[in-house]
Each structure stands twice: as C-alpha cells, then as structure tokens.
Amino acid sequence: MLEVIALNAHDALAAAQGGADRIELVGTMDQDGLSATVEQVRHIREVSDIPIRAMVRDQAGFMPGSKETLAATARELVQAGVEALVVGWVRDGQLDTKTLQEVLADVPGCELTIHRAIDNVADYAAGWHQILSLSHVTSVLTAGSAAGVTAGMDNLLAQAVNPQARELMMVGGGLHLEHLPALKDAGIHKFHVGSAVRGGSFANPIDPRLVESWAVATGVL
C-alpha cells in the first residue's frame, strides 16, 4: 500500500496517475503538515475518487491547540466525505488518548491513522501498547524515531515482530528506496511518501513518474 501526501487536486490526480492507493491530505506543509480543509476535499472530489485521509492538526509539535477547533475540523472533514482522519497528540511523554477521544467525540466509528506522534513519545514500545488498545485505528504512520527512518529502523523492525502492530504499521518520514528491502522482509507492506515524489521539495508538484517508481518498488504495481 502506497500513500502520498497531497496538497490539492493536482496532487491527487498525479498521485492516482502514478498508482498511489490513497492520499494523506494536508492543508499546508507548514510545521510539517496542518489540518486539511473542506474546500480541498471538495476540489479533489470534483476530479478524483482516490481515497482521502485528512490531517487534523492545528499547530507545530504534538500538543493540541484548541480542542474545539480540532473537533469541528474533524466533524467537517468527515461530513465532506473523507475516508479517514489523521490524528495524534502527545502529553507528558505518552500518547494523549484523552484529547483523541474529545476531538473525535462527534465522529464515532471514523477510521483513523495515528500519525508520527508515536515517534515522539518517551517509550516507543509503550506507545504501541497504547495504540493497540484503541478502536478504529487502521494505520500508524511511523519512522520509528523522530529523527526519521534511518534512525528508527531498529525500532520499526522490533515492533514488526508483533503481527497486530505490523499490520497497522505504515512507514514514512525520511523513507528512502534503500530502506524498502529490510522493511518488506519484515512483512511491512504500507508505505508513505511526501517530498520523495516531488523531486525532493514540497515547492514542486507531485511527479506521477516518481509515484510510479515508488509504486513499483513497494509492490503496489
């Protein structure tokens, strides 16, 4: 499974053309990705039916800003037709499940990706233990470390021994093609890319040829 970060309808079309399975929609890449908007969803749905997972994040880092704003954003994005939400906050070194419950109170049953909040907890294995107790989580975006996949590879491979975690694990965050053999050998089959399909910079649009190269390398095509 290949997920690509998208910012607009052009990105969605290019991702689909290249063979991506779905997009992670963010409103802006400021602060490593902030909340998507209903307008973005509508524009994409006018031109593509590619599945959309939409970011709900209102400030840099992994502490929530306004829970009321986050909850309203979550509700509006689900009403607009996204397939899943991308969420996750950290408090006192642990995943902030209380904020998660409060933000998602109006969208019970919504499918979730827990994003790289997991890479920013004090104990990576303990963070996974928390996640595996949550409902409706179908992907966990992780590099194994806040410093990226190269630094986090040992954590990723250790956690992949657990079949429940392995099924949820979606590796991204400094992911390079040379990382794929070890990850695939460990049974990991979900991958997430951003600047890698834009020639290395989010200032560039998605290049469907680069998406296709990743789709081939990950086994999607």
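Does D96 count as buried or exposed, and at what relative accessibility? At 9% relative accessibility, D96 counts as buried (under 20% relative accessible area; exposed is over 50% and partly exposed lies in between, with a 1.4 Å probe and protein chains only).

The model is predicted, so local features need pLDDT of at least 70 and side-chain atom pairs count only at pLDDT 80 or more, whereas totals for chains, interfaces and linings use all residues. Residues are numbered from 1 along each chain as its sequence is written, and side-chain values use heavy atoms, without hydrogens or water.

**View 1. The salt bridge between D96 and R91.** The closest N and O atoms of this pair are 3.1 Å apart; a salt bridge is a side-chain nitrogen of Lys or Arg within 4 Å of a carboxyl oxygen of Asp or Glu. R91 is partly exposed, with a relative accessible area of 34%.

**View 2. The salt bridge between R198 and D11.** Their closest N and O atoms are 2.7 Å apart. R198 lies in the loop between β10 (190–193) and α9 (208–218) and D11 in helix α1 (residues 9–18), so the pair ties together parts that are 187 residues apart in sequence. Helices (H or I, at least four residues) and strands (E, at least two) are DSSP runs, numbered from the N terminus. Both R198 and D11 are buried.

**View 3. The salt bridge between R116 and D119.** The closest N and O atoms lie 2.7 Å apart. D119 is buried, its relative accessible area being 7%.

**View 4. A network of salt bridges.** K67, K98 and E102 are linked in this network. The structure holds ten salt bridges.
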